[in-house]
Amino acid sequence: MIARSIVIEGIQKVNIIEEEINPGVMKSKECLIESIASFISPGTELSRAYGLKKGATYPVRPGYCSVGKIIEKGSDLKTVEIGDTVLFSGPHASHQIYDMAKSDGGVLYKLDPRLSPNEGAMMMMCWIAMNGILTVDVKLGDTVVIFGMGNLGMILSILYTEMGVKVIGIDPVAHRCEIARSMGLKNVIHCAPEEQIKTILELTHQKGADIVIDATGMSAAVENAVLSTGRNGHVVLLGTPRTDYVTNITPILNAIHMKMLTVHGALNRRFPFEEKEGSRISVRRSMDYLTELMLKKTIDVEKFISHVIKPEDIMSAYEGLMYHKDQYTSVIIRWE
(Lines give C-alpha, C1' and ligand atoms only; values in the text may rest on other atoms or scores of the structure.)
Protein backbone atom coordinates (compact mmCIF):
# COMPACT_ATOMS: atom_id res chain seq x y z
CA MET A 1 0.00 0.00 0.00
CA ILE A 2 1.30 3.45 -0.93
CA ALA A 3 0.91 6.16 1.72
CA ARG A 4 1.40 9.89 1.19
CA SER A 5 2.84 11.83 4.11
CA ILE A 6 3.65 15.49 4.74
CA VAL A 7 7.25 15.98 5.86
CA ILE A 8 9.00 19.18 6.97
CA GLU A 9 12.52 18.57 5.73
CA GLY A 10 13.95 21.92 6.77
CA ILE A 11 13.07 25.58 7.25
CA GLN A 12 10.42 26.49 4.64
CA LYS A 13 11.01 23.16 2.94
CA VAL A 14 7.86 21.06 3.09
CA ASN A 15 7.20 18.09 0.82
CA ILE A 16 4.80 15.21 0.33
CA ILE A 17 6.52 11.86 0.15
CA GLU A 18 5.20 8.49 -0.98
CA GLU A 19 6.20 5.32 0.78
CA GLU A 20 5.15 1.69 0.95
CA ILE A 21 3.54 0.48 4.17
CA ASN A 22 3.01 -3.20 4.90
CA PRO A 23 -0.02 -4.04 7.08
CA GLY A 24 1.20 -7.62 7.22
CA VAL A 25 3.74 -6.69 9.89
CA MET A 26 1.16 -4.93 12.10
CA LYS A 27 1.60 -5.66 15.80
CA SER A 28 -1.13 -6.67 18.25
CA LYS A 29 -1.90 -3.13 19.49
CA GLU A 30 -1.52 -1.37 16.15
CA CYS A 31 -4.18 -0.44 13.63
CA LEU A 32 -4.11 0.59 9.98
CA ILE A 33 -5.96 3.87 9.46
CA GLU A 34 -7.02 5.53 6.22
CA SER A 35 -7.16 9.28 6.86
CA ILE A 36 -10.15 11.46 6.05
CA ALA A 37 -9.16 14.82 7.53
CA SER A 38 -6.45 16.36 9.68
CA PHE A 39 -6.18 19.72 11.43
CA ILE A 40 -3.14 21.98 11.21
CA SER A 41 -1.82 22.97 14.64
CA PRO A 42 -0.46 26.48 13.93
CA GLY A 43 1.83 26.81 16.95
CA THR A 44 3.59 23.47 16.70
CA GLU A 45 3.75 23.22 12.92
CA LEU A 46 4.74 26.81 12.12
CA SER A 47 7.50 26.62 14.72
CA ARG A 48 9.04 23.79 12.71
CA ALA A 49 8.23 25.04 9.20
CA TYR A 50 9.76 28.47 9.90
CA GLY A 51 12.52 27.46 12.31
CA LEU A 52 11.01 29.26 15.31
CA LYS A 53 11.82 26.45 17.73
CA LYS A 54 15.47 26.61 18.73
CA GLY A 55 17.26 23.30 18.47
CA ALA A 56 14.57 21.63 16.35
CA THR A 57 15.82 18.76 14.22
CA TYR A 58 14.68 17.70 10.77
CA PRO A 59 13.02 15.95 9.06
CA VAL A 60 9.81 15.99 11.09
CA ARG A 61 6.33 14.67 10.31
CA PRO A 62 3.89 17.32 11.53
CA GLY A 63 0.35 16.93 12.81
CA TYR A 64 -1.42 15.21 15.68
CA CYS A 65 -5.12 15.97 15.03
CA SER A 66 -6.26 13.33 12.52
CA VAL A 67 -9.51 11.57 11.70
CA GLY A 68 -9.70 8.37 9.72
CA LYS A 69 -11.28 4.96 9.30
CA ILE A 70 -9.79 1.79 10.73
CA ILE A 71 -9.07 -0.72 7.96
CA GLU A 72 -7.26 -3.36 10.00
CA LYS A 73 -6.39 -3.81 13.66
CA GLY A 74 -4.24 -5.96 15.89
CA SER A 75 -5.69 -8.72 18.03
CA ASP A 76 -5.13 -6.94 21.37
CA LEU A 77 -6.76 -3.64 20.38
CA LYS A 78 -10.16 -3.83 22.11
CA THR A 79 -11.44 -0.23 22.20
CA VAL A 80 -12.20 0.12 18.47
CA GLU A 81 -13.38 -2.06 15.59
CA ILE A 82 -12.67 -2.28 11.87
CA GLY A 83 -14.81 0.32 10.09
CA ASP A 84 -14.88 2.76 13.03
CA THR A 85 -14.17 6.42 12.36
CA VAL A 86 -11.67 7.59 14.94
CA LEU A 87 -9.81 10.66 16.14
CA PHE A 88 -6.14 9.81 16.62
CA SER A 89 -2.93 11.67 17.37
CA GLY A 90 -1.13 10.65 14.19
CA PRO A 91 0.68 12.94 11.72
CA HIS A 92 -0.64 14.24 8.40
CA ALA A 93 -0.70 11.19 6.11
CA SER A 94 -3.14 9.40 3.81
CA HIS A 95 -2.56 6.03 5.53
CA GLN A 96 -0.59 4.95 8.56
CA ILE A 97 -0.01 2.09 10.93
CA TYR A 98 -0.84 3.64 14.29
CA ASP A 99 0.00 2.71 17.87
CA MET A 100 -1.41 5.19 20.38
CA ALA A 101 1.25 4.26 22.94
CA LYS A 102 3.96 5.48 20.56
CA SER A 103 2.18 8.56 19.22
CA ASP A 104 2.48 12.23 20.11
CA GLY A 105 -0.39 12.46 22.58
CA GLY A 106 -1.65 8.89 22.81
CA VAL A 107 -5.22 9.33 21.54
CA LEU A 108 -7.45 6.79 19.78
CA TYR A 109 -11.08 7.82 20.23
CA LYS A 110 -14.11 6.46 18.40
CA LEU A 111 -16.12 9.39 17.07
CA ASP A 112 -19.85 9.76 17.47
CA PRO A 113 -21.25 9.10 13.96
CA ARG A 114 -23.20 12.37 14.18
CA LEU A 115 -19.93 14.34 14.14
CA SER A 116 -18.33 15.34 10.84
CA PRO A 117 -14.66 14.59 10.10
CA ASN A 118 -13.92 18.31 10.44
CA GLU A 119 -15.47 18.37 13.91
CA GLY A 120 -13.53 15.29 14.88
CA ALA A 121 -10.24 16.75 13.66
CA MET A 122 -10.75 19.93 15.67
CA MET A 123 -11.70 18.04 18.82
CA MET A 124 -8.03 17.56 19.63
CA MET A 125 -7.52 21.33 19.79
CA CYS A 126 -10.61 21.59 22.00
CA TRP A 127 -9.10 19.01 24.35
CA ILE A 128 -5.86 20.99 24.48
CA ALA A 129 -7.88 24.11 25.33
CA MET A 130 -9.59 22.26 28.20
CA ASN A 131 -6.21 22.04 29.95
CA GLY A 132 -6.59 25.77 30.59
CA ILE A 133 -9.46 24.85 32.93
CA LEU A 134 -8.58 21.43 34.32
CA THR A 135 -5.26 22.64 35.77
CA VAL A 136 -6.86 25.24 38.09
CA ASP A 137 -9.52 25.29 40.80
CA VAL A 138 -12.17 27.55 39.27
CA LYS A 139 -14.64 29.22 41.64
CA LEU A 140 -18.01 30.86 41.04
CA GLY A 141 -17.50 34.60 40.76
CA ASP A 142 -14.00 34.31 39.31
CA THR A 143 -12.89 36.66 36.56
CA VAL A 144 -10.91 34.87 33.87
CA VAL A 145 -8.75 36.69 31.32
CA ILE A 146 -7.56 34.86 28.21
CA PHE A 147 -4.69 36.26 26.18
CA GLY A 148 -5.08 35.34 22.51
CA MET A 149 -8.24 34.76 20.48
CA GLY A 150 -6.77 32.12 18.20
CA ASN A 151 -8.18 28.60 18.16
CA LEU A 152 -7.20 27.74 21.72
CA GLY A 153 -8.25 31.08 23.18
CA MET A 154 -11.67 31.12 21.55
CA ILE A 155 -12.44 27.52 22.46
CA LEU A 156 -11.30 28.12 26.02
CA SER A 157 -13.45 31.26 26.22
CA ILE A 158 -16.49 29.24 25.15
CA LEU A 159 -15.74 26.53 27.71
CA TYR A 160 -15.27 29.01 30.56
CA THR A 161 -18.43 30.87 29.55
CA GLU A 162 -20.31 27.57 29.67
CA MET A 163 -19.17 27.25 33.29
CA GLY A 164 -20.75 30.57 34.21
CA VAL A 165 -17.66 32.61 35.14
CA LYS A 166 -16.87 36.08 33.82
CA VAL A 167 -14.56 35.81 30.80
CA ILE A 168 -12.50 38.56 29.18
CA GLY A 169 -10.72 37.78 25.91
CA ILE A 170 -7.94 40.03 24.66
CA ASP A 171 -6.03 40.07 21.35
CA PRO A 172 -4.08 42.62 19.28
CA VAL A 173 -5.55 41.27 15.99
CA ALA A 174 -8.91 42.91 15.24
CA HIS A 175 -10.08 40.13 12.91
CA ARG A 176 -9.71 37.51 15.63
CA CYS A 177 -11.72 39.64 18.03
CA GLU A 178 -14.47 39.97 15.44
CA ILE A 179 -14.63 36.19 14.97
CA ALA A 180 -14.76 35.68 18.74
CA ARG A 181 -17.65 38.11 19.08
CA SER A 182 -19.49 36.41 16.21
CA MET A 183 -19.41 33.23 18.28
CA GLY A 184 -21.28 34.91 21.10
CA LEU A 185 -18.31 35.91 23.26
CA LYS A 186 -19.25 39.30 24.68
CA ASN A 187 -16.19 40.58 26.55
CA VAL A 188 -13.56 40.53 23.81
CA ILE A 189 -11.10 43.41 23.78
CA HIS A 190 -9.00 44.44 20.77
CA CYS A 191 -5.92 45.85 22.42
CA ALA A 192 -2.26 46.43 21.59
CA PRO A 193 0.20 44.51 23.82
CA GLU A 194 1.51 47.66 25.49
CA GLU A 195 -2.02 48.58 26.63
CA GLN A 196 -3.14 45.15 27.82
CA ILE A 197 -2.13 45.33 31.50
CA LYS A 198 -3.69 48.77 31.93
CA THR A 199 -6.87 47.63 30.18
CA ILE A 200 -7.28 44.52 32.33
CA LEU A 201 -6.65 46.44 35.55
CA GLU A 202 -9.30 48.98 34.54
CA LEU A 203 -11.80 46.21 33.77
CA THR A 204 -11.14 44.56 37.14
CA HIS A 205 -11.22 47.79 39.20
CA GLN A 206 -7.41 47.65 39.64
CA LYS A 207 -7.57 44.27 41.39
CA GLY A 208 -6.38 42.12 38.51
CA ALA A 209 -8.02 38.91 37.34
CA ASP A 210 -8.43 35.74 39.38
CA ILE A 211 -7.25 33.46 36.59
CA VAL A 212 -5.19 34.56 33.57
CA ILE A 213 -4.39 32.19 30.71
CA ASP A 214 -1.84 32.73 27.98
CA ALA A 215 -3.12 30.97 24.87
CA THR A 216 -0.59 32.59 22.53
CA GLY A 217 2.71 30.96 23.37
CA MET A 218 4.33 34.40 23.21
CA SER A 219 6.68 35.22 26.08
CA ALA A 220 5.66 38.88 26.06
CA ALA A 221 2.05 37.82 26.58
CA VAL A 222 3.09 35.61 29.50
CA GLU A 223 4.76 38.64 31.07
CA ASN A 224 1.56 40.67 30.64
CA ALA A 225 -0.47 37.79 32.03
CA VAL A 226 1.55 37.65 35.25
CA LEU A 227 1.42 41.42 35.74
CA SER A 228 -2.37 41.55 35.24
CA THR A 229 -3.22 38.76 37.70
CA GLY A 230 -4.67 39.70 41.10
CA ARG A 231 -3.54 38.60 44.57
CA ASN A 232 -3.67 34.86 45.19
CA GLY A 233 -4.50 34.40 41.51
CA HIS A 234 -3.51 31.76 38.99
CA VAL A 235 -1.51 32.12 35.78
CA VAL A 236 -1.88 29.30 33.24
CA LEU A 237 0.58 28.74 30.39
CA LEU A 238 -1.55 27.03 27.77
CA GLY A 239 0.53 28.10 24.76
CA THR A 240 4.13 26.96 24.27
CA PRO A 241 6.78 29.73 24.34
CA ARG A 242 9.35 29.01 21.62
CA THR A 243 11.00 32.19 20.37
CA ASP A 244 13.65 34.31 22.11
CA TYR A 245 12.42 37.18 24.27
CA VAL A 246 14.67 39.58 26.19
CA THR A 247 13.25 41.34 29.26
CA ASN A 248 13.97 42.21 32.88
CA ILE A 249 12.56 39.21 34.74
CA THR A 250 12.64 40.84 38.21
CA PRO A 251 9.23 42.58 37.96
CA ILE A 252 7.68 39.27 36.90
CA LEU A 253 9.23 37.33 39.77
CA ASN A 254 8.36 40.15 42.16
CA ALA A 255 4.72 40.02 41.08
CA ILE A 256 4.58 36.24 41.53
CA HIS A 257 6.11 36.58 44.99
CA MET A 258 4.31 39.66 46.32
CA LYS A 259 0.89 38.72 44.95
CA MET A 260 1.36 35.06 45.95
CA LEU A 261 0.53 33.82 42.46
CA THR A 262 0.45 30.22 41.32
CA VAL A 263 1.82 29.53 37.83
CA HIS A 264 0.63 26.37 36.05
CA GLY A 265 2.14 24.66 33.05
CA ALA A 266 -0.84 23.34 31.07
CA LEU A 267 0.73 21.02 28.53
CA ASN A 268 -1.80 18.39 27.43
CA ARG A 269 0.10 15.51 29.01
CA ARG A 270 -1.20 15.97 32.54
CA PHE A 271 -4.05 13.49 32.35
CA PRO A 272 -4.29 9.87 31.15
CA PHE A 273 -6.38 8.85 28.18
CA GLU A 274 -8.38 6.37 30.27
CA GLU A 275 -9.53 7.04 33.83
CA LYS A 276 -7.08 5.75 36.41
CA GLU A 277 -7.16 5.08 40.13
CA GLY A 278 -6.89 8.33 42.07
CA SER A 279 -8.04 10.66 39.28
CA ARG A 280 -11.48 10.99 37.73
CA ILE A 281 -10.16 13.22 34.93
CA SER A 282 -9.26 11.54 31.66
CA VAL A 283 -8.94 12.48 28.00
CA ARG A 284 -11.81 10.14 27.10
CA ARG A 285 -14.18 11.79 29.59
CA SER A 286 -13.21 15.21 28.28
CA MET A 287 -13.82 14.17 24.66
CA ASP A 288 -17.23 12.76 25.59
CA TYR A 289 -18.07 16.18 27.01
CA LEU A 290 -16.73 17.98 23.94
CA THR A 291 -18.85 15.71 21.73
CA GLU A 292 -21.95 16.93 23.56
CA LEU A 293 -20.94 20.58 23.09
CA MET A 294 -20.29 20.06 19.38
CA LEU A 295 -23.61 18.29 18.83
CA LYS A 296 -25.40 21.19 20.55
CA LYS A 297 -23.32 23.64 18.46
CA THR A 298 -22.09 25.29 21.64
CA ILE A 299 -18.78 24.75 19.86
CA ASP A 300 -19.64 25.37 16.20
CA VAL A 301 -16.58 24.06 14.41
CA GLU A 302 -17.49 25.37 10.97
CA LYS A 303 -17.29 28.92 12.32
CA PHE A 304 -13.65 28.33 13.20
CA ILE A 305 -12.53 26.89 9.87
CA SER A 306 -11.37 29.42 7.30
CA HIS A 307 -9.80 27.03 4.77
CA VAL A 308 -10.11 23.40 3.70
CA ILE A 309 -7.16 22.32 1.55
CA LYS A 310 -5.66 19.40 -0.32
CA PRO A 311 -2.39 17.98 1.03
CA GLU A 312 -0.52 19.52 -1.92
CA ASP A 313 -1.45 23.00 -0.67
CA ILE A 314 0.18 22.58 2.75
CA MET A 315 2.87 25.24 2.27
CA SER A 316 0.35 27.86 1.15
CA ALA A 317 -1.65 27.10 4.29
CA TYR A 318 1.46 27.52 6.45
CA GLU A 319 2.18 30.85 4.76
CA GLY A 320 -1.39 32.01 5.33
CA LEU A 321 -1.36 31.03 9.01
CA MET A 322 2.03 32.68 9.45
CA TYR A 323 1.61 35.93 7.55
CA HIS A 324 -2.12 36.45 6.89
CA LYS A 325 -3.75 35.99 10.28
CA ASP A 326 -6.64 38.22 9.23
CA GLN A 327 -7.63 35.61 6.63
CA TYR A 328 -6.40 32.27 7.96
CA THR A 329 -7.74 31.03 11.28
CA SER A 330 -8.16 27.24 11.18
CA VAL A 331 -7.14 24.95 8.32
CA ILE A 332 -8.32 21.39 7.63
CA ILE A 333 -6.51 19.03 5.26
CA ARG A 334 -8.87 16.63 3.46
CA TRP A 335 -7.33 13.33 2.36
CA GLU A 336 -10.32 11.83 0.55
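**Figure 1. Overall fold of the predicted protein chain.** In this predicted model, residues 24 or more positions apart account for 68% of the contacts in the protein chain with a separation of 6 or more. The chain is built from 10 helices and 15 strands. Its C-alpha trace spans about 65 × 45 × 35 Å along the principal axes. A compact globule of 336 residues would have a radius of gyration near 20 Å, and the 20 Å of the protein chain therefore agrees with that expectation. Of the 336 residues, 52% count as buried.

**Figure 2. The largest nonpolar core and the surroundings of Ile-299.** This core holds 60 residues, of which Tyr-160 and Ile-299 touch the most other members. Two or more residues each come from strands E3 (31-39), E8 (143-147) and E11 (209-214), and from helices H2 (117-134), H3 (151-163), H4 (174-182), H8 (283-295) and H9 (301-304). Helix H2 gives the most to this core, with 11 residues. Beyond its neighbours within four places in sequence, Ile-299 is in contact with Cys-126, Ile-155, Ile-158, Leu-159, Leu-290, Leu-293, Met-294 and Phe-304.

**Figure 3. Ile-128 in helix H2.** Ile-128 is found in helix H2. This residue counts as buried because its relative accessibility is 8%, below the 20% cut-off. When residues up to four places away in sequence are not counted, Ile-128 touches Tyr-64, Leu-152, Leu-238 and Asn-268. Ile-128 and Val-283 are 155 residues apart along the chain, and their C-alpha atoms are separated by 9.7 Å.

**Figure 4. Tyr-98 in strand E6.** Strand E6, which covers residues 95-98, contains Tyr-98. With a relative accessibility of 4%, Tyr-98 counts as buried. Its contacts, leaving aside neighbours within four places in sequence, are with Lys-29, Glu-30, Cys-31, Ile-33, Phe-88, Ser-89, Gly-90, Ser-103, Gly-106, Val-107 and Leu-108. One of these residues, Phe-88, is 10 residues from Tyr-98 in sequence and 8.5 Å from Tyr-98 in space, C-alpha to C-alpha.

**Figure 5. Packing of helix H6.** Helix H6 spans residues 219-227, and its buried residues are Ala-221, Val-222, Glu-223, Asn-224, Ala-225 and Val-226. These buried residues pack against strands E8, E11 and E12 (229-237) and against helices H5 (196-203) and H7 (250-258).

Figure 6. Glu-9 lies in strand E1, residues 2-10. Its relative accessible area is 33%, so Glu-9 is partly exposed. Not counting residues up to four places away in sequence, Glu-9 touches Asn-15, Ile-17, Tyr-58 and Pro-59. Tyr-58 and Pro-59 are themselves joined by a cis peptide bond, with omega about 0°. Pro-59 is placed in the loop between helix H1 (42-49) and strand E4 (66-73). The C-alpha atoms of Glu-9 and Ala-221 are separated by 30 Å, and the two residues are 212 positions apart along the chain.

Figure 7. Most residues other than glycine have a negative phi. Asn-232, in strand E12, has a positive phi near 60°. Met-260 likewise is not a glycine, and its phi is positive at about 55°. Met-260 is found in the loop between helix H7 and strand E13 (262-265). Its relative accessible area of 42% means that Met-260 is partly exposed.

Notes. Residues numbered from 1 in each chain as written. Predicted model: local features only at pLDDT ≥ 70, side-chain atom pairs only at ≥ 80, totals over all residues. Heavy atoms only, no water. Core = buried A, V, L, I, M, F, W, Y, C linked by side-chain atoms within 4.5 Å. Buried < 20%, exposed > 50% of the residue type's maximum accessible area, 1.4 Å probe, protein only. Helix = DSSP H or I, 4+ residues; strand = E, 2+ residues; numbered from the N terminus. Contact = heavy atoms within 4.5 Å. Rg over C-alpha atoms; globule rule 2.2 N^0.38 Å.
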